[in-house]
Amino acid sequence: VGEWASRVKALKRAMRDSLMAQARERRMSSASGRSQASGPSTSTSACSPILRPSSPIAPQPKRMPQSQSFDRYKESPPLQPSRPLRRASSGLSIGKQPSKHAQIPEVRALQERVQMCLVVDDVASIRKLLSNRLQRLHPDMDVRTAVNGEEGLGMMKCESFDIVITDVVMPVMSGPQMVAGLRRWEAESTARRTPVVGMSANTSVQDVQAFLEQGMDGYMDKPVPSSAQELCTLLLTAIEKGDT
């Protein structure tokens, strides 16, 4: 039994030595492969330790002083946007855009003659529609609004408008009543004559003639003319009539 136990121990020792030798050979072959992949090694030993970035003895990259890094940042050119900036959608505008109708002679003439305009109508949607149309034709035009003839007459007595566009039928004071009061005030105060254009949806030829005799300088049907040339021609004709 003692001889058998000795043989078993010797066999186990031989197997352990063989396994250790194989593991050592694998480590050496692995280290040799990494050294060949990274380039020729300057070390004379085949089993020299491999320096890792996390090792305390591994060489660390040199860092630039903070002051020099900040100076380099200040000297670097500003970044350029990859695409042009767009106008914000919140209602804030970056300058006024020129009118796309600026090549039409009548539009250019209106831009030269009209700087302030007054729109008088008791319907909010009509006031907004007409104001937007005028400002698309003339982006620099100052368009004011009034809800009835009484308010419009008060504004015309305080400020000088180049053209006034008024509805005919309104509460409190109608368009013809406002024009009549305006002409009396202009005659009494020797103020400059203000051109006035009336507008309505249901009006006969006789009504239009009566409005012109009461002091209006022009007339147009509702809705507002869709043609930019037609609208500008109508307003310019009223201005020229008011100047005579």
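How many helices and strands does the chain have?

## Overall architecture

The chain has eight helices and five strands; helices are DSSP runs of H or I with at least four residues and strands are runs of E with at least two, both numbered from the N terminus. Along the sequence the order is α-α-α-β-α-β-α-β-α-β-α-β-α.

This is a predicted model, in which local features need pLDDT of at least 70 and side-chain atom pairs count only at pLDDT 80 or more, while totals for chains, interfaces and linings use all residues. Residues are numbered from 1 along each chain as its sequence is written, and side-chain values use heavy atoms, with hydrogens and water left out.

## Strands β1 and β2

Strands β1 (residues 116–120) and β2 (residues 142–146) run parallel and are joined by five bridges; two strands pair if DSSP finds at least two bridges between them. Cys 117 stands opposite Val 143 of β2.

Together with helix α4 (residues 124–137), β1 and β2 make a right-handed β-α-β unit. Right-handed means that, with the strands pointing away from the viewer, the path from the first strand over the helix to the second runs clockwise.

## Burial and surface

Of the 244 residues in the chain, 30% count as buried (under 20% relative accessible area; exposed is over 50% and partly exposed in between, with a 1.4 Å probe and protein chains only).

## Asn 202

Asn 202 lies in the loop between β4 (196–200) and α7 (205–213). Its relative accessibility is 72%, so Asn 202 counts as exposed. Asn 202 and Asp 221 are 19 residues apart in sequence, with a C-alpha to C-alpha distance of 7.9 Å.
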